[in-house]
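Visitor: Please show me the structure, and then let me ask about it piece by piece.

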Amino acid sequence: MVPISAIILSGGRATRMNGVDKGLVLLKQKPLIQHVIERLAAQVDEILINANREITHYQTFGYTVLKDEVEDFLGPLAGFSLGLQHAEHDYLLTVPCDSPLLPLDLAHRLMLALLEHKADIAVASSDGNVHPVFCLCKKSVLPSLTAYLQQGERRVSTWQKSLNYIEVDFSDCSDAFVNLNTFEDLAALELKLSL
């Protein structure tokens, strides 16, 4: 398969979790980001982490940690931009740090669709919902992202859809995209996994 770099987006403010660093919140005694790394490691050839706080803690996972270049919080696209600039390979997979059940074949299925449709970017969807931060894109999309950010734009899906874009259906495993925005979400998942 084609070599892929991945960036785990852990640079958010987690306002609905009282501002804690979400990637380091524990689920079954392990930081959320560790669950993500374990599911991602076999799928990609390089892992990068985008974090803006607790940098030294994130470095203990053994991967390159990249901090947003601008102080003005840009949201997920800041992480996309860092990944595209620093990725060793021609394809970049982006995933959030708070989806510990992400599909074990995420990279493979996105890549197949991207190549088959000669697209620039492939985005996961399930049950009619699009998951813009679960995406695979070519490094060649960086100039368009840079221009988009310079215009003051921030919406992930608007930028994605300006490219040669395809959605890939993961409705067979829609639970994989559960993301943990609150401590209630975390407690519910902890309970579900212990059953």
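This is a predicted model: local features need pLDDT of at least 70, side-chain atom pairs count only at pLDDT 80 or more; totals for chains, interfaces and linings use all residues.

Visitor: How many of the six residues of strand β7 are buried?

Guide: Strands (E, at least two residues) and helices (H or I, at least four) are DSSP runs, numbered from the N terminus. Buried means under 20% relative accessible area, exposed over 50%, and partly exposed in between, with a 1.4 Å probe and protein chains only. In β7, I121, V123 and S125 point one way and A122, A124 and S126 the other way, and all are buried. The strand, residues 121–126, is largely enclosed by the rest of the structure, because the number of its residues that are buried is six of the six.

Visitor: Which residue in β9 stands opposite A122?

Guide: Two strands pair if DSSP finds at least two bridges between them. β7 and β9 (residues 165–169) run parallel and are joined by five bridges. Opposite A122 in this pairing stands I166.

Visitor: Which residue in β8 stands opposite A124?

Guide: β8 covers residues 129–138 and pairs with β7 in the antiparallel sense over six bridges. The hairpin of these strands has two residues between them, and D127 takes a positive phi near 50° there. The residue opposite A124 is H131.

Visitor: How many polar residues are in the contact of α3 with α5?

Guide: Contact means heavy atoms within 4.5 Å. L77, F80, S81, L84 and Q85 in α3 meet L142, L145, Y148 and L149 in α5. Ala, Val, Leu, Ile, Met, Phe, Trp, Tyr, Cys and Pro count as nonpolar, Asp, Glu, Lys and Arg as charged, and the others, Gly among them, as polar. By class, the contact has seven nonpolar residues, no charged ones, and a polar count of two.

Visitor: What is the relative accessibility of L82?

Guide: L82 is found in helix α3. Leaving aside residues up to four places away in sequence, L82 touches I7, N50, L66, K67, D68 and E69. L82 counts as buried because its relative accessibility is 2%.

Visitor: Is K28 exposed or partly exposed, and what is its relative accessible area?

Guide: K28 lies in the loop between β2 (26–27) and β3 (30–31). Its phi is near 50°, a positive value in a residue other than glycine. K28 is partly exposed, because its relative accessible area is 35%.

Visitor: What is the relative accessible area of Q29?

Guide: Q29 has its place in the loop between β2 and β3. The phi of Q29 is near 65°, a positive value in a residue other than glycine. Q29 is exposed, because its relative accessible area is 71%.

Technical notes: Residues are numbered from 1 along each chain as its sequence is written. Side-chain values use heavy atoms; hydrogens and water are left out.
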